[in-house]
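Student: Could you help me learn how to read a protein model, one feature at a time?

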Amino acid sequence: MSPDQQHVFGLDCQLVQEAVRSGVTSKRATSHDNHWERRLTFCHKHHLNPQLNHYSDPVPILQIFTQHYRDGRIALHGRPVKSRTAEDALRAMGQKFASLGTKDPRLDQHGKIDFRISRQLKCYKKTDNPPKRVKPVPITITLHILLKAHTLHVTEASRNVADMLTIAFYFLLCLGEHAGTKSEDHPFLIQDVTLYLGTRPLNAYTDPLHEVEAATSVSLTFTKQKNGVCNETISHGQSTHQHCCPVRAAIRLLIYHRTHNTNTTKPIATHYSNNNKRVHIAAKDITDQIKAAATATLRWDFLRKRNS
């Protein structure tokens, strides 16, 4: 291979390595790197060969590493972790070995996870505490936010936040993903939202305004959102409520962006400032409204019960 070919080949290797690293989010890639560094520290502390090639059966070493991660001795904050974190640390180590061109030490001769490791991880899962589930937002909170945004404290930002919350409520969406909070999130774009008049799809930007306002259903196309199937479309019809309706919320948002001539490839969770600058609506903006509404609702219930 000539020097020029070696140079090009080296550049291609760098591109491939970068592509493999970019296959996961930057946060996860950093987490994998940290797992690897802790494994090296573990090996150094116990005078073990980091490459594990001096051991005919490296599985017991992997099991002890996993146990130390599980009970917090080598975990990030020095505290016990759940089974999934310990398993992820072990997986990251195996993937690192594979990326270096050596055999993944977790695997047996048939290419499957060694049964000793599988049973160890299964035991951890059984002893994990039950997960803390996130409860859905009560309808009373959503109604309170909509009432305030559309009748009491009317601003473009508050209206759009309230309408995004309405869409999240009806489509059972995670706030951080349908609005977007990080570079790895995939918020819904304007082009992902389609209105229908009967069975006829509408173009919210070019069809007559009275037809857009008369839309009878709305659909969302899921692209890369975690809680949906890629390219799956979910639809909702109108509710009887003036404000708390997925169709009317979508109509208001789309007409708003039509008025501002927002590019359809931009997130729908946006509004414009006084100097006509597009401002992104983050998940925190919505959760702040939910917390404020929850506080106000609880205060009202307390006063009502005290005076009854």
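Student: Which residue in strand 4 is the bridge partner of V218?
Tutor: Before we look, keep in mind that this is a predicted model. Here is the general idea: strands of a sheet pair through backbone hydrogen bonds, either parallel or antiparallel. In this case, V218 has H236 in strand 4 as its bridge partner. Strand 3 and strand 4 run antiparallel, and 5 bridges join them.

Student: What is the order of the strands in the open sheet?
Tutor: The open sheet has 4 strands in the order 2-1-3-4, and the pairing is antiparallel. Strand 2 (200–202) and strand 4 are the edge strands, as each pairs on one side only. Averaged over the sheet and ignoring direction, neighbouring strands are turned by 30° against each other.

Student: How many bridges join strand 1 to strand 3?
Tutor: There are 4 bridges, and these two strands run antiparallel. As an example to find on screen, V193 has L220 in strand 3 as its bridge partner.

Student: And over how many bridges do strand 1 and strand 2 pair?
Tutor: They pair over 3 bridges, in the antiparallel sense. Look for Y196, which stands opposite P201 in strand 2. Strand 1 and strand 2 form a hairpin with 2 residues between them. In the turn, G198 has a positive phi of about 70°.

Student: Let's move on to helices. Why does the distance between the end C-alpha atoms of helix 10 agree with its number of residues?
Tutor: Helix 10 (residues 246–259) has 14 residues, and at 1.5 Å a residue they should span 20 Å. The end C-alpha atoms are 20 Å apart, so the two values agree.

Student: How many residues of helix 10 are buried?
Tutor: A residue counts as buried when its relative accessible area is under 20%. In helix 10, 10 of the 14 residues are buried, so this helix is largely enclosed by the rest of the structure. Among them are V247, I251, L254 and Y256.

Student: What do those buried residues pack against?
Tutor: Their partners include helix 7 (156–171), strand 1 (193–197) and strand 3 (217–221). Helix 10 lies across strand 1, strand 3 and strand 4, running at about 115° to strand 1. Just after helix 10, N261 takes a positive phi of about 55°.

Student: Which strands does helix 7 lie across?
Tutor: Helix 7 lies across strand 3 and strand 4, and runs at about 105° to strand 4. Its buried residues include V161, L165, I167 and F171. After helix 7 comes L172, whose phi is positive, near 55°.

Student: Is R159 buried or partly exposed?
Tutor: R159, which has its place in helix 7, counts as partly exposed because its relative accessibility is 26%. Not counting residues up to four places away in sequence, R159 touches A149, H150 and V154.

Student: Now for the rings. How many aromatic pairs are there?
Tutor: The count comes to 6 aromatic pairs. One of these is F65 and Y69, which are edge-to-face, at 5.9 Å centre to centre with 70° between the planes.

Student: Where do F65 and Y69 lie?
Tutor: Start with the general idea: an α-helix has 3.6 residues a turn, so residues three or four places apart point the same way. F65 and Y69 both lie in helix 3 (residues 59–70), 4 residues apart, about one turn of the helix. F65 counts as buried because its relative accessibility is 1%, and Y69 counts as buried at 2%. Together with F42, F65 and Y69 form one aromatic cluster.

Student: Which residue lies over the face of W36?
Tutor: That is R39, at 4.3 Å from the ring centre. The charged end of K96 also sits over the ring of W36, 5.9 Å from its centre.

Note on methods: Residues numbered from 1 in each chain as written. Predicted model: local features only at pLDDT ≥ 70, side-chain atom pairs only at ≥ 80, totals over all residues. Heavy atoms only, no water. Expected span 1.5 Å × (residues − 1). Buried < 20%, exposed > 50% of the residue type's maximum accessible area, 1.4 Å probe, protein only. Contact = heavy atoms within 4.5 Å. Phe/Tyr/Trp six-rings, centres within 6.5 Å; stacked < 30°, edge-to-face > 60°. Lys NZ or Arg CZ within 6 Å of the ring centre and 35° of its normal. Pairing = 2+ DSSP bridges. Axes fitted to C-alpha atoms, helices over the stretch in contact; angles between N-to-C directions.
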